[in-house]
Amino acid sequence: MRIITMALAAAFLATAAEARELALSFDDAPRRGTALMPGPDRASRLLVGLERAGVTQAVFFANSNRADDEGLARLRAYAAAGHLIANHSATHPHLRDMAPEAYLADIAAADRVLRSLPGFRPWFRFPFLDEGDTPAKRDAVRAGLAAMGYAQGYVTIDTYDWYIDHIANEAAARGDALNMEALGALYVEAIVASANFYDGVAAAHLGRSPRHVLLLHENDLAAMFIPQLAAALQADGWRIVSADAAYADPIA
Ligand SMILES: [Zn+2]
């Protein structure tokens, strides 16, 4: 009996482990160069890192106002490698600071630049994950997005990767020596902990583990540490799936 129970428990754990899936998403592409690396270097390192990690389809939520000729070339390079491009607005505004009409016009401006790119998906991610300060505003923008044929590029796992990247770049700009090994370990540990935390929240509310969407940014830490992050997630029982697969989860 005890052996049977243990076998059942092992089978359950294996099922649970298989169910932990996430896709990678990178916001704010194509970001400017920093103290740590120029933008084009970041893109090429990120592409190599994704390939090494076996990530065949991540999604880049782009801001069209960042997309000058070099930035557009970067988005095309991501798409050529099999990744997706989606809409993160033209100017990265806060909805709480704007009327819905102006906000939707900003999304439409980004759509005009991004839609013709290969790998484009009509998914919109709210800058700052800010869906507005009133239900009326939220509903007006949701209706406008639906009228444009857009789905929500929601996230299920939020992280502070942007803050770690920010303080690392501040230190680099000051000329401080950075302990890259410790920085990478912090980045990886913080994101894996976030993934596990939000999976717990999701499982408590849904009774299952959905196909998650992990929020990252097109930043220097991603360019440097994606293979380590992917390895740590896999070691923790996660499987990295395509963005298309994640956004096909019933919660979408
Ligand atoms: Zn953003």
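Predicted model: local features only at pLDDT ≥ 70, side-chain atom pairs only at ≥ 80, totals over all residues.
**Val-59**

I found Val-59 in strand E2, which covers residues 59–62. Is Val-59 buried or exposed? I counted 27 other C-beta atoms within 10 Å of Val-59, so I logged this residue as buried; the cut-off for that label is 20 or more.

Next I listed the contacts of Val-59, leaving out residues up to four places away in sequence. Val-59 touches Ser-25, His-83, Leu-84, Ala-86, Arg-121 and Ala-243. I also checked a pair that is 172 residues apart along the chain, Val-59 and Ala-231. Their C-alpha atoms are separated by 19 Å.

**The nonpolar core**

I then turned to the largest nonpolar core, which has 57 residues. Which members touch the most other members? I noted Leu-22, Ala-23, Ala-58, Phe-60, Leu-214 and Ile-240. Helix H8, residues 220–235, supplies the largest share of this core, with 9 residues.

I followed up on Leu-214 from that list. Setting aside neighbours within four places in sequence, I have Leu-214 in contact with Leu-22, Ala-23, Leu-24, Ser-25, Ile-157 and Ala-195. Ser-25 had already come up as a contact of Val-59.

**Pro-210**

Where does Pro-210 lie? I placed Pro-210 in the loop between helix H7 (180–206) and strand E6 (211–217). I asked why Pro-210 counts as buried. Pro-210 has 21 C-beta neighbours inside 10 Å, and the label needs 20 or more.

What does Pro-210 touch, not counting residues up to four places away in sequence? I wrote down Thr-156, Ala-202, Asp-249 and Ile-251. I also looked up the distance from Pro-210 to Phe-60, 150 residues apart along the chain. Their C-alpha atoms are separated by 21 Å.

**The whole chain**

I finished with the chain as a whole. I counted 9 helices and 7 strands. Of the 252 residues, 36% count as buried.

Last came the overall dimensions. Along the principal axes, the C-alpha atoms fill a box of roughly 65 × 50 × 35 Å.

Definitions and conventions:
Residues numbered from 1 in each chain as written. Helix = DSSP H or I, 4+ residues; strand = E, 2+ residues; numbered from the N terminus. Buried ≥ 20, exposed ≤ 12 C-beta atoms within 10 Å, placed from the backbone. Contact = placed C-beta atoms within 7 Å. Core = buried A, V, L, I, M, F, W, Y, C linked by C-beta atoms within 7 Å.
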